[in-house]
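Reader: I am new to protein models and would like to learn how to read one. Could you take me through it slowly?

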Amino acid sequence: MRDFLKALPKAELHLHIEGTLEPELMMALAERNGVTLPYASVEEVRAAYDFEDLASFLDVYFQGMSVLHTARDFEDLAMDYFRRAAAEGVVHVEMHVDPQAHLARGVAMDTLMEGLERARRRAASELDLSTALILAFLRDRPAEEALEALEQAVPHLERLDAVGLDSAEVGHPPGKFAVVFRRAAELGLARVAHAGEEGPPAYIREALDRLDVCRVDHGVRCLEDEALVERLRAEARVLTVCPLSNLRLKVVERLEAHPLPAMLEAGLTLTLNSDDPAYFGGGMLDNFLACERAFGWSRETFTRLAGNAIEAGFMSETRRDALRERLAAMQVPPGG
Ligand code: HPA
Ligand code: ZN
């Protein structure tokens, strides 16, 4: 099964590029840029990854990204991840980036865009990996600041596929960003938003109604609202679920208790994703393997989930056709 899941052409729709920063690269970049971290070794960094909830993770995540300064840093960060991802059978990566977190540290929009763009070109030519970029807004910051970040990104519009919404969810409903997302729509960008990770199902509704999102990131609390589940099913809305993230941030106590099987049973359109692989104990393949262990899913189920991601990804139709073909070539025995 491991070989099968590795070979499965996996498209990743929910990933924070800053969340791919492995402790080794964090230490190396701290050294290269003269940044002082509160950790003396890679082991100490790893020891700090014992999270209680989303907030306790975000503290460590924003601290970690303080080592990123130059375009080369962003290029190294993304290439480091793209290589690992490609080695485990990932064929397409859509990365969120948090510009406000970098602008606040004095890193220019042009710097991060240039570094990510270089990595994306290399991913396409060196790894046959397609990529997309999602400009994410920090929902615990004012909407005006998000709008300002969006305007600063306009010169890079060609490189952007969508806007997203992340960071501390509870107390920051999607509606707060209605104006920002309307502007993104005017600019021709698709919209996605984190909702229903720690926040209530009402936030998922609000993301659909007020932000006009095509996908909901996480969305695992939708099951608490039957009418919402029916709507998500009827509209075939895509949810980007991140099993190991939910486990590590204690959204669920054990993976066996994760709502994923019930969500599948309810007929929802789901994808599997890694969210912040450096912090949550594994990349795409680890997430697929963890689901296999916890839920005993068949090859057919994993193939369906991989297919959902290929259908929902921001990619050219030529690329989508190529990935569909690769998926169709996977041998799945009847009922297997
Ligand atoms: N949720 C919200 N914000 C985030 C996450 C997440 O899982 N990862 C990085 N920023
Ligand atoms: Zn996320």
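This is a predicted model: local features need pLDDT of at least 70, side-chain atom pairs count only at pLDDT 80 or more; totals for chains, interfaces and linings use all residues.

Reader: Let me begin with the strands: how many bridges join strand S1 to S2, and in which sense do they run, parallel or antiparallel?

Author: Strand S1, which covers residues 10-16, is joined to S2 by five bridges, and the two run parallel. One pair to look for is alanine 11, whose bridge partner in S2 is histidine 92. On S2 there is also a pairing with strand S3 (residues 130-138), again in the parallel sense, over six bridges. Here methionine 95 has leucine 133 in S3 as its bridge partner, and valine 97 stands opposite leucine 135. From S3 you can go on to strand S4, residues 162-166, to which S3 is joined by five bridges, running parallel; leucine 135 stands opposite valine 163 there.

Reader: Which way do the side chains of S3 point, and are they buried or exposed?

Author: The general idea is that in a regular strand the side chains alternate between the two faces of the sheet. In S3, Ser130, Ala132, Ile134, Ala136 and Leu138 point one way, while Thr131, Leu133, Leu135 and Phe137 point the other way, and all are buried. Because nine of the nine residues of S3 are buried, this strand is largely enclosed by the rest of the structure. Strand S2, residues 90-97, is mostly covered, with eight of its eight residues buried.

Reader: Which protein atoms are the donors of the zinc ion, ligand 2?

Author: For comparison, ideal angles at a metal are 109.5 degrees for four tetrahedral donors. The zinc ion (ligand 2) has His14 (NE2), His16 (NE2), His194 (NE2) and Asp275 (OD) as its protein donors, at 2.0 to 2.2 Å. The angles among these four donor atoms range from 83 to 173°, and the site is irregular. Along the chain the donors follow the spacing H-x1-H-x177-H-x80-D.

Reader: Why can histidine 194 and aspartate 275 be said to tie parts of the chain together?

Author: Histidine 194 lies in strand S5 (residues 190-195), and aspartate 275 lies in the loop between strand S8 (269-272) and helix H14 (284-295), so the pair ties together parts that are 81 residues apart in sequence. Both histidine 194 and aspartate 275 are buried.

Reader: Which residues surround ligand 1?

Author: Among the residues around ligand 1 are His16, Tyr61, Ser167, His194, Asp275 and Asp276. A backbone N or O atom of serine 167 is 2.8 Å from a nitrogen atom of the ligand, and an N or O atom in the side chain of aspartate 275 is 2.7 Å from an oxygen atom of ligand 1. For aspartate 276, a polar side-chain atom lies 2.7 Å from a nitrogen atom of ligand 1. Taken alone, ligand 1 exposes 260 Å², and the protein buries 100% of that.

Reader: Where is methionine 315 found, and what is its relative accessible area?

Author: Methionine 315 is in the loop between helix H15 (299-312) and helix H16 (317-328). Its relative accessible area is 13%, so methionine 315 counts as buried, the cut-off being under 20%. Between methionine 315 and valine 93 there are 222 residues in sequence and 10.0 Å in space, C-alpha to C-alpha.

Reader: And how does arginine 210 count, at 48% relative accessibility?

Author: Arginine 210, which is placed in helix H10 (residues 201-211), counts as partly exposed at that value. Arginine 210 and glycine 64 are 146 residues apart in sequence and 33 Å apart in space, C-alpha to C-alpha.

Methods:
Residues are numbered from 1 along each chain as its sequence is written. Chains are lettered from A and ligands numbered from 1 in the order in which they are written. Side-chain values use heavy atoms; hydrogens and water are left out. Buried means under 20% relative accessible area, exposed over 50%, partly exposed in between (1.4 Å probe, protein chains only). Helices (H or I, at least four residues) and strands (E, at least two) are DSSP runs, numbered from the N terminus. Two strands pair if DSSP finds at least two bridges between them. Donors are N, O and S atoms within 2.8 Å of the metal (3.2 Å for Na, K and Ca); water is not among the atoms, so sites may look incomplete. Four donors count as tetrahedral if all angles lie between 85 and 135 degrees; four count as square planar and six as octahedral if opposite donors are over 155 degrees apart and all others between 65 and 115; anything else is irregular. A residue is near a molecule or strand if one of its heavy atoms lies within 4 Å of it. A polar contact is a pair of N or O atoms within 3.5 Å; within protein, one must be able to donate a hydrogen and the other to accept it, and residues adjacent in sequence count only if both atoms are side-chain atoms. Accessible areas come from the Shrake-Rupley method with a 1.4 Å probe; for residues, only the protein chains shown count as cover.
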